[in-house]
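Let's walk through this structure together, one piece at a time. Keep the picture open while you read.

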Amino acid sequence: MKKRYAMYYNTDGKPMTMLKWAKAFEKNRWQIRTVLWRGTIVVSTVWLGIDHSFGMGKPLIFESMVFCKLCDGLEADMERYSSKRSAQRHHSILVKKWRNPFQLMWHIINTHILHRQVY
Ligand SMILES: [Zn+2]
């Protein structure tokens, strides 16, 4: 497999230095945020800029996370992408998925009732 040395990428998927990435990340954090079910579910898609592919395929520099208030801020869903376009598209898909009352019900039953963690 061909080794890729770039680790940091801008929102257009172009490699950048760590310093430039750090500045860009501080200044302009690209994000789409959708609040569902009166804040119980938040779908957040962000540009991370750091490749999370571990050298497998395209650099994964965007990430969607679905946060559930009842899960204490833990993510209920997570996906990663290599382009802004893909991130936008999958954000809409995740919003559609979590807007569905059956998805919320399934999540509550599966995560909060059946697999409840007791510490
Ligand atoms: Zn939850």
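First, a heads-up: what you're looking at is a predicted model. Start at Trp 37, which sits in the loop between strand S3 (31-36) and strand S4 (41-47). Its backbone does something worth a look: phi is positive, about 50 degrees, although Trp 37 is not a glycine. Arg 38 belongs to the loop between S3 and S4 as well, and its phi is also a positive value, near 50 degrees, in a residue other than glycine.

Are these two buried or exposed? Let's count C-beta atoms. Arg 38 has 7 within 10 Å, and because 12 or fewer counts as exposed, Arg 38 is exposed.

Now for the strands on either side of that loop. S3 and S4 pair in the antiparallel sense, over six bridges. You can pick out one spot in this pairing: Thr 34 stands opposite Val 43 in S4. In general, strands of a sheet pair through backbone hydrogen bonds, either parallel or antiparallel.

Zoom out, and you'll find an open sheet of four strands, in the order S3-S4-S5-S6, with antiparallel pairing. Which strands are at the edges? They are S3 and strand S6 (75-81), each pairing on one side only. Ignoring direction, neighbouring strands of this sheet are turned against each other by 10 degrees on average.

Finally, look for helix H2 (residues 84-99). H2 lies across S3, S4, strand S5 (62-68) and S6, and runs at about 20 degrees to S5.

Technical notes:
Residues are numbered from 1 along each chain as its sequence is written. This is a predicted model: local features need pLDDT of at least 70, side-chain atom pairs count only at pLDDT 80 or more; totals for chains, interfaces and linings use all residues. Helices (H or I, at least four residues) and strands (E, at least two) are DSSP runs, numbered from the N terminus. A residue is buried if 20 or more other C-beta atoms lie within 10 Å of its own, exposed if 12 or fewer, and partly exposed in between; C-beta atoms are placed from the backbone. Two strands pair if DSSP finds at least two bridges between them. Axes are lines fitted to C-alpha atoms, for helices over the stretch in contact, and angles run from 0 to 180 degrees between N-to-C directions. Two residues are in contact if their C-beta atoms, placed from the backbone, lie within 7 Å.
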